[in-house]
Amino acid sequence: MAQLVAQKRVLLADLTGDSIRAMSGSMVAYQGQVEFKSAGMGGGGGFRAAIRQRVAGESISLMECTGHGRVHLAYQAQDVTVIGVQNDTVTVESEHVLAVTRDLQLDVQFAGLRGMTTGQGLATTKVSGSGQLAIVSDGPLIGLDVAPGQPVVVDPDAYVAGLGQLQMSLVSGVTWRSLVGEGGGEPFSLRFEGHGRVYIQPAER
Amino acid sequence: MIDGLGTASYDAQSLPADDNVNPYAFSIALAGEWFVSKGAMIAYYGNVDFAGVSQYASRASWVAARFSSPMYADEWVVASGQGKVVVADRGHDVNSYDLEDGNLTIKQANLLGFAPTLELKQSIVPGFVTLIGTGKFLASSNGPVIFVEPPFRADPEALLGWSDCPSPSQHYDHHWMAQSFMAGVQGMLGRESGEERQYDFTGAGTILLQSSEKLVVDAALLRTVESHTNLLDAQSAGALGQRLIARSQQGGR
């Protein structure tokens, strides 16, 4: 069973004859016998998922790393966090997915308007199943709990991931005044309600 | 089940009050108003409203007295309400400073927020603003902040701000005059090595430096410099315009 270990800004993936999927081009070094091949634009989600990703404008592109040995993965010196998932679902902004172990499914979710406002495509990636997921963030992640009666509002550009039962809605800070001159500076924000946790990074993309 | 997220997690109560969440993010305990740089907010809990400075000033007249810089009015918003507001700036270090009946001048692009007990004024040095009074403000820096005391010469790009000392004068390395005639001509055309110009500080006070020279784009700086050209008569303004065109045609520096 492949093991993912985060070491600050590098992800160490120990392979024991099995495979993981990682962001294309993220390998910085490896030891042992490891083969790298493109997992295609589907990211393993099957042909249907590939079509949907194309439609959604997703830029996620994964490679499959197979063999015995240790692979070092990194992306633009960003902080790496490893998440263990057991029969659960995590929603991650696609460009933050660094690697997933084999038994996790990646699926694309349409996010509608939200994607339009952030300009990074119309979709986020839903990671479900059991296994490990490594995500990258510009600076250490900050977790913000969401409970009934305690919604949180985040900047779409700082949002990285979400877990639990969350309902997302778009908050518009635009008033008629801002159409003629100055706005609130945060024209669109994401409001999360329900029960779960939202992860943000201390930087705006 | 999800585990392994050993990373710090907070809710509305456990978020720090007026303190850093981590070196790159700061949590403001909002009860009333704060001036916040546009786009600095990354998350908030509670009932918080963000309004443009002049839009808010039309409802609360004290705002105009506290924020006396029309140049920057559309770079800033007033956050009002009750809650916790988390601010950050592109993953740069964020620090809070307490000013006590003092004055501090800081690069506008690095100022993320300040309490309304402080008064903001435009500095004579382009791209800088001065905070006067007592209260807390937040500033970002590319790398940790270095404090030094005058006499000191600073690279304009690494300079973050200064407090309690007189505004700097510009210093040019003395051998500029000894250089060849052609170098002088190039200087007139706007070609400089970039390091012969420094800010010279004298007197007593503290100078804040950041450990990198990475330039932050400041939209208002252009307007500030442009407004300074009002000092020129029409003919010199035309000459300046020609030099600027020549510089942009050289590819700019």
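How many residue pairs are in polar contact between chain B and chain A, both at pLDDT 80 or more? The count is 8. A polar contact is a pair of N or O atoms within 3.5 Å; within protein, one must be able to donate a hydrogen and the other to accept it, and residues adjacent in sequence count only if both atoms are side-chain atoms.

The model is predicted: local features need pLDDT of at least 70, side-chain atom pairs count only at pLDDT 80 or more, and totals for chains, interfaces and linings use all residues. Residues are numbered from 1 along each chain as its sequence is written, chains are lettered from A and ligands numbered from 1 in the order in which they are written, and side-chain values use heavy atoms, with hydrogens and water left out.

Chain B holds 5 helices and 17 strands. These are DSSP runs, numbered from the N terminus (helices H or I, at least four residues; strands E, at least two). Of the 253 residues in chain B, 46% are buried, meaning under 20% relative accessible area with a 1.4 Å probe, protein chains only. Contact means heavy atoms within 4.5 Å. Among chain B contacts between residues at least 6 apart in sequence, 81% join residues at least 24 apart.

At the interface, 39 residues of chain B are in contact with 40 residues of chain A. The buried area is about 3,100 Å², with 54% from carbon and sulfur atoms. This is the accessible area (1.4 Å probe) that two parts lose on being put together, summed over both. The rule finds 0 salt bridges between the two chains; it requires a side-chain nitrogen of Lys or Arg within 4 Å of a carboxyl oxygen of Asp or Glu. Pairing needs at least two DSSP bridges. Val152(A) stands opposite Tyr45(B) in strand 5 of chain B.

Within chain B, Lys136(B) lies in strand 11 (residues 128-141). Lys136(B) is buried, with a relative accessible area of 17%. The side chain of Lys136(B) makes a polar contact with the side chain of Asp98(B) at 3.4 Å. Beyond its neighbours within four places in sequence, Lys136(B) touches residues including Asp18(B), Trp34(B) and Phe114(B). Phe114(B) is 22 residues away along the chain, yet the two C-alpha atoms are separated by 5.9 Å.

Terms used. Buried means under 20% relative accessible area, exposed over 50%, partly exposed in between (1.4 Å probe, protein chains only).
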